[in-house]
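Here is a friendly briefing to read alongside the structure. Take a moment to look at it from a few sides, then work through the points by topic.

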Amino acid sequence: MTRPSQSQVQPPARRVLLTEDSPADALLLQSLLGAECVVTCVSTLAEGMAVCSQEQFDIVLLDLFLPDSRGLDTLMQFQTLHSDLPILVMSGLDDEQTAAAAVHEGAQDYLVKGQMDEVLLHRAMRYAIERKSAERALRESEAFYQSLVENLPQYIYRKDMAGRFTFANRRFCTQLGKTPAEVVGHTDLDFFPPELAEKYQADDRRVLAAGKLFETVEEHTPTTGEKEYVQVVKTPVFNAQGRIVGTQGIFWDVTARVRGEERLKKAHSDLARSREDLLRTLVDLQRSHSQIKEAQLQVIEMEKMHTIGQMAAGIAHEVKNPLAVIRMGVDFFSNSPESEAEPTSTIIKDMQDALHRADSIIMGLLDFSAPGKVELRPADLNMLLRSSLNLVRHELKTPHISVQTEFCEHLPAVLVDANKIKQVFVNVLTNAVHAMPEGGTLTVRTYIKKLTPEEAKPSPGARRTHEFRAGERVLVTEFDDTGTGIPEDKLGRVFEPFFTTKETGKGTGLGLTVTRKIVELHEGTIQLQNQPERGARATITLRTERS
Amino acid sequence: MDQKRILIIDDEATFTRMVRINLEQTKRYVVREENRAPHALTTAHEFKPDLILLDVIMPGVDGGELASRIKADSLLKEVPVIFLTATVSKREAAEGVFTGGYLFLPKPVGLKNLVECMENVLAAKKHEHDPAEVKKPAS
């Protein structure tokens with residue numbers, strides 16, 4: 001390891017200005033300063049100040065009694081021009097008091113001639129330089145903070161424990177219309193209305209009690225003008241021992257920000273409202289659209305029905321006349337003596353059956369095209385069902401179909417057109433019978449129920465000739481068969497005119513169309529669905545009350 | 001036996017012919033056909049029927065209009081009228097309906113039913129009863 005050379009570790013020589021009019025003292029001091037100092041020696045204040053202006057020095061050793069200046073004035077004059085230089089004052093034994101006063105005025109230290117040695121001198125010089133340097137740093141730091149506090153666009157103050165201002169920046173003072181001197185030592189009560197001052201002091205007490213930062217936005221309404229908003233941050237002031245000794249506050253105008261926030265909030269709420277309105281409108285639009293679509297479909301269907309109805313009536317009239325002729329002809333032959341003999345008898349019977357079937361089709365067409373009108377009278381639905389079952393009793397024999405009735409015996413009288421409702425029941429019963437060519441069980445049930453909101457809604461695709469309301473008491477008639485059921489792809493079409501799942505010659509395709517028409521004339525609904533196990537269920541729902 | 005005189009007014013000639021043959025076969029009626037509605041009153045004046053079977057929809061004059069004229073005619077006003085119609089749409093029509101004091105029978109009407117209805121109406125007329133009170137024919 002190589003030790004650094006002497007020249008490398010040696011600190012740079014101190015540049016010393018020695019202001020001493022006594023050549024002996026100057027010589028002595030120069031010798032005490034030694035080789036580590038570069039000494040410039042002058043004998044008058046004027047020389048000293050002049051040389052300081054031309055050269056850089058680290059320290060000044062200043063004798064207070066010079067030919068051109070005496071006592072403290074010497075120091076004052078020097079400092080006026082070179083305040084940044086550390087000064088060690090040198091005095092004789094007889095004027096130590098003056099030297100001490102010089103220290104008070106800004107000299108770093110004083111040394112008494114004749115009482116100093118090399119060590120003392122060098123130590124005093126080092127301390128003086130360090131003190132001056134620390135003093136300079138402190139001054140710069142203070143200037144820095146002063147500049148910060150005074151130039152920030154905020155209002156800043158400090159108060160003691162009693163709420164007296166101990167500091168206020170220029171901006172704060174300007175706002176109060178006072179000088180710093182007029183502010184310091186006073187309280188909020190001296191500058192603000194009592195309520196406001198009391199509020200400020202309460203905030204201060206809160207900060208002092210909690211020992212924590214307090215932040216708020218205060219609202220002020222000047223006597224003239226609009227509301228103003230101020231953001232306030234108050235914190236406790238701690239001393240070096242960590243004890244709270246007061247409060248400090250900083251506040252600034254946030255009116256523009258608050259107004260902006262208010263506008264933003266309003267815009268946001270307007271936007272939210274607009275969005276809600278828009279969503280509502282959208283929902284309304286969608287609903288209207290679906291209603292229009294539904295209405296359109298119904299209009300198309302009604303138009304179709306109307307056309308079919310007109311056509312049906314025309315066909316019925318045209319066909320009934322030739323049928324009437326055939327009927328008379330068949331009756332003529334059936335009254336002849338040969339009618340008893342075979343095969344004439346069978347032929348006549350077949351012709352009569354065919355006539356009857358053709359007439360049924362025509363009757364169905366006429367029913368379908370008839371104007372919708374019902375004559376409503378109170379009736380017992382169970383009785384109408386029994387009567388209808390009686391009408392189809394022949395059909396129940398072959399194949400064998402057993403009938404089970406589950407009638408609610410306390411049904412209220414219902415307003416119906418009895419003949420038309422019987423026609424509905426006979427139609428539905430006949431369909432059920434036809435669905436069980438191998439025999440089976442036909443269950444007919446009646447009951448009353450209160451519609452849930454879900455049940456009151458029209459089923460998808462159902463015609464909306466009227467609507468039930470939730471909670472409405474309705475009378476339900478169900479017809480369950482154990483037959484083949486309806487192919488799922490045909491379920492949606494069973495009410496269409498001329499649509500039939502039966503084999504040719506077995507159905508007119510008008511039965512369920514007419515049935516639905518009659519049920520709808522009663523403001524009721526009819527539904528056909530397959531049962532989970534087997535067979536189908538027809539459900540007829542009728543009103544018990546009418547407005 | 002006193003044969004009743006029946007006038008059938010219908011534009012369907014085959015139908016009136018068939019009705020005539022059937023009714024005349026019973027030997028209880030003398031039947032006259034009229035297929036031209038506008039000539040019906042003249043024919044009725046000439047034939048002097050005991051009962052008129054009348055179609056509803058006919059070219060020229062419809063059955064309703066003709067029934068009104070018959071009712072207004074001093075010579076014919078007492079003659080009962082039975083409507084035979086292809087336009088009865090009500091299911092009840094299968095059992096016969098009275099509308100406006102007239103009996104309506106739906107086509108195709110059976111001979112037995114037709115004769116029963118005619119006899120009931122003629123009997124009611126004989127007893128000068130209101131046709132509306134006449135027993136309804138069996139279906």
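This is a predicted model: local features need pLDDT of at least 70, side-chain atom pairs count only at pLDDT 80 or more; totals for chains, interfaces and linings use all residues.

Residues are numbered from 1 along each chain as its sequence is written, while chains are lettered from A and ligands numbered from 1 in the order in which they are written.

**Overall picture**

- Chain A has 16 helices and 19 strands; helices (H or I, at least four residues) and strands (E, at least two) are DSSP runs, numbered from the N terminus.
- Of the 547 residues in chain A, 23% are buried. A residue is buried if 20 or more other C-beta atoms lie within 10 Å of its own, exposed if 12 or fewer, and partly exposed in between, with C-beta atoms placed from the backbone.
- Among the contacts in chain A with a separation of 6 or more, 58% join residues 24 or more positions apart. Two residues are in contact if their C-beta atoms, placed from the backbone, lie within 7 Å.

**A parallel sheet**

- Five strands of chain A form an open sheet in the order E2-E1-E3-E6-E7, with parallel pairing; two strands pair if DSSP finds at least two bridges between them.
- At the edges are strand E2 (37-42) and strand E7 (109-112) of chain A, each of which pairs on one side only.
- From one strand to the next, the twist averages 20 degrees.
- Strand E6 (residues 87-91) of chain A is joined to E7(A) by four bridges, and A:Val89 stands opposite A:Tyr110 in E7(A).
- Helix H2 (residues 23-33) of chain A lies across E1, E2 and E3 of chain A, at about 170 degrees to E2(A). Axes are lines fitted to C-alpha atoms, for helices over the stretch in contact, and angles run from 0 to 180 degrees between N-to-C directions.

**A closer look at A:Cys37**

- Strand E2 of chain A contains A:Cys37, which counts as buried because it has 21 C-beta neighbours inside 10 Å.
- A:Cys37 and A:Ala13 are 24 residues apart in sequence, but 4.9 Å apart in space, C-alpha to C-alpha.
- Leaving aside residues up to four places away in sequence, A:Cys37 touches A:Ala13, A:Arg14 and A:Val16.

**Two packed helices**

- Helix H3 (residues 45-54) and helix H4 (residues 72-81) of chain A pack at an angle of about 20 degrees, with their axes 10 Å apart.
- The contact uses A:Leu45, A:Gly48 and A:Met49 of H3(A), together with A:Thr74, A:Gln77, A:Phe78 and A:Leu81 of H4(A).

**A hairpin**

- Strand E18 (residues 525-530) and strand E19 (residues 536-543) of chain A pair in the antiparallel sense over six bridges.
- A:Leu528 stands opposite A:Ala538 in E19(A).
- Five residues lie between E18(A) and E19(A) in this hairpin, and A:Gly535 in the turn has a positive phi of about 80 degrees.

**Where chain A meets chain B**

- In chain A, 23 residues are in contact with 20 residues of chain B.
- Helix H10 (255-334), helix H11 (344-369) and helix H13 (418-434) of chain A each supply at least two residues of the side of chain A that touches chain B.
- H10(A) gives the largest share of that side, 13 residues.
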